Amino acid sequence: VTLTVEGADRGRDMSQTLFGIFFEEINHAGAGGLWAELINNRGFEAGGQNTPSSIDPWSPLGKENEVMLTTERASLFPRNPIALRMKILCGNGTACPLGGVGVANPGYWGIDVRAGRTYQITFWLRSDAMVNLSVAFISQDELRVLAQQFLIVDEASSYDWQKYQFDLVATDTDHYAKLAFTTSVSGSIWLDQVSAFPEETYKGHGFRKELAEMLEELKPAFLRFPGGCYVEGERLQNAWRWRDTIGPWEERPGHYGDVWNYWSDDGLGYFEFLQLAEDLNTAPIWVFNNGISHSYSISPRNIQPWVQDALDGLEFARGPSTSTFGAIRAAMGHPDPFNVRHVAIGNEDCWKPNYQENYMAFYKAIKLLYPDISIISNCDATNGPLRHPADLYDFHIYTNANNLYAMKSQFDQKTRDSGPKVFVSEYAVTGSDSGTGSLLAAIAEAAFMIGLEKNSDVVEMASYAPLFVHEKDRRWNPDAIVFNSWQQYGTPSYWVQTLFKHSSGAKLLGHSVTGANGGPTPVVSAIRRHDPQTNGEYIVIKAVNFGKDVMAMRVVFNGIPANGIAFPNSTVATLTSDKTMDENSFSMPEKITPQVSNLAYPESDMQIMLPPYSIVALDLRL
Ligand code: AHR
């Protein structure tokens with residue numbers, strides 16, 4: 001195979017925002033994942049606001065005749081009224097067991113407690129008598145104390161709710177620990193809004209550091225959030241609502257996401273998503289609920305409050321700190337507006353009742369106040385013009401590996417008109433080709449992405465989906481990043497994404513590929529990028545071999561003088577494995593990752609081997 005790259009200085013500008021990320025609260029991506037809160041059901045609201053309410057996953061420490069846990073509408077916070085009452089039955093006549101009795105929370109399938117680390121503990125408490133309390137991280141088997149603080153609240157100050165805040169420094173390690181509140185004094189203790197955070201979070205803003213760093217590694221050009229179906233809800237009353245997720249965390253009601261079926265305390269709320277986008281130096285794309293759930297659509301006659309809700313949300317993000325909602329943002333610590341330049345009116349709603357009519361109400365109102373905001377429609381304009389104006393339209397594709405591979409040409413024939421640009425806001429290989437993240441899936445996605453690069457004059461944005469999965473809540477397979485309470489790894493699909501991190505804002509170079517004797521050819525792109533860090537110019541060539549035979553690819557550059565490529569700053573990265581269905585795992589997290597080496601003999605005419613089912617990426621410094 002011969003690849004000829006044409007004049008490196010005659011490239012075509014690619015979209016500045018081509019490859020980004022899509023975060024959805026699915027698979028416990030946020031609650032128990034990217035959001036570093038360690039306590040699950042911290043306000044005791046997950047079971048609903050009626051009593052008795054389920055307190056899962058809290059559980060008693062002690063026997064039935066020693067401690068009794070009940071729920072009461074006794075909270076200090078009116079929007080989340082449930083608080084836990086612990087009735088300590090021992091300690092008055094019968095002695096409590098050594099270490100006391102009480103209640104424990106295992107976090108999200110275990111709390112990662114490590115010796116030497118500091119954890120910030122916050123909770124609200126009241127009691128009907130003097131309190132002698134131990135607050136401790138204990139091991140999963142409840143036999144070891146990993147970190148502990150004693151608290152004595154005298155009778156006089158215990159009757160009213162008080163906020164307690166202190167650090168726990170761990171002296172021992174358990175990745176599946178629990179937070180325990182215990183006492184050996186009889187009486188009643190009410191507990192509410194219990195929070196524990198690791199001291200160190202990404203940029204100090206509450207994101208789990210290792211997971212956020214994996215996002216940073218992708219250099220995403222945008223962050224689409226907070227979902228997907230999560231935005232819609234099965235029922236409208238369970239949809240994600242931005243205004244319930246802002247302000248002090250104790251006052252957020254939380255909600256049950258009924259599409260992916262779990263509770264979220266909404267610690268990771270609208271503000272935090274905007275902050276994450278800022279911290280990742282990326283463009284936020286807010287998908288808002290447009291009055292449509294999976295089972296219900298607001299009629300055009302009643303859509304106005306929903307339009308106002310979206311406008312209020314934009315005022316929260318962009319309004320001056322003197323505006324009603326901008327002031328709330330400022331009080332949360334961000335007086336400057338967030339840089340929201342894109343919104344999506346709903347998710348996958350085009351063919352649901354009322355979408356098209358209601359869409360126009362949102363469109364007009366937003367454009368009037370924010371003419372610079374690009375509006376994303378859910379209606380697919382692939383096969384003809386839309387019935388309404390839009391700056392971009394969503395295109396979602398989940399399919400098998402062969403289909404997605406074939407879709408590398410999906411946008412080749414798209415008319416280059418003044419109509420809306422494409423936002424491939426969700427794509428992935430799914431089904432039996434993907435397992436829980438196979439090489440085969442990743443290589444097909446790589447070919448599809450090369451097709452997006454080549455069509456980046458009409459495809460303005462693209463994001464793989466879903467981003468995260470907790471190993472204990474695999475609602476959707478595969479995903480880019482797998483984690484548990486203390487570990488994480490990228491699937492091959494994640495690593496493919498890293499190979500495209502230089503594409504946004506690069507220049508697409510012309511090239512031709514000829515097969516040996518008319519044989520198969522790889523899928524190739526050539527781009528030129530500027531690296532601000534080294535102030536260097538690079539040519540990035542990516543080649544995908546989606547076949548079972550190795551290919552030898554000769555690379556020829558037209559218009560680059562011999563010795564025009566510098567040494568030693570040129571590298572070759574190869575992503576492949578022995579079997580197409582190979583995956584990474586917690587035991588072998590780096591089985592399939594790009595193997596990077598310096599190019600041994602960088603020349604202007606080079607020979608590259610493309611293993612079966614592989615992507616090879618050359619990064620050549622000029
Ligand atoms: O990415 C998972 C789901 O797939 C999203 O919630 C939805 O938009 C799509 O159907």
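Helices are DSSP runs of H or I with at least four residues, numbered from the N terminus. Their axes are lines fitted to C-alpha atoms over the stretch in contact, and angles run from 0 to 180 degrees between N-to-C directions. Welcome to a predicted model, in which local features need pLDDT of at least 70, side-chain atom pairs count only at pLDDT 80 or more, and totals for chains, interfaces and linings use all residues. Residues are numbered from 1 along each chain as its sequence is written.

**View A. Helix 4 meets helix 5.** Helix 4 (residues 304-318) packs against helix 5 (residues 324-331) at an angle of about 45°, their axes 7 Å apart. That makes helix 4 oblique to helix 5 (under 35 degrees is roughly parallel, over 145 roughly antiparallel, 65 to 115 roughly perpendicular, and the rest oblique). Asp312, Glu315 and Phe316 of helix 4 touch Thr324, Phe325, Gly326, Ile328 and Arg329 of helix 5 (contact: C-beta atoms, placed from the backbone, within 7 Å).

**View B. Helix 4 meets helix 6.** Here the partner is helix 6 (residues 355-369), at an angle of about 30° and with the axes 9 Å apart. The two helices are therefore roughly parallel to each other. Val307, Ala310, Leu311 and Leu314 in helix 4 meet Ala361, Phe362, Ala365, Ile366 and Leu369 in helix 6.

**View C. Around the ligand.** Take a look at the residues surrounding the ligand, among them Glu24, Cys229, Asn347, His396 and Trp476 (near: C-beta atom, placed from the backbone, within 6 Å).

Notes: Two residues are in contact if their C-beta atoms, placed from the backbone, lie within 7 Å.
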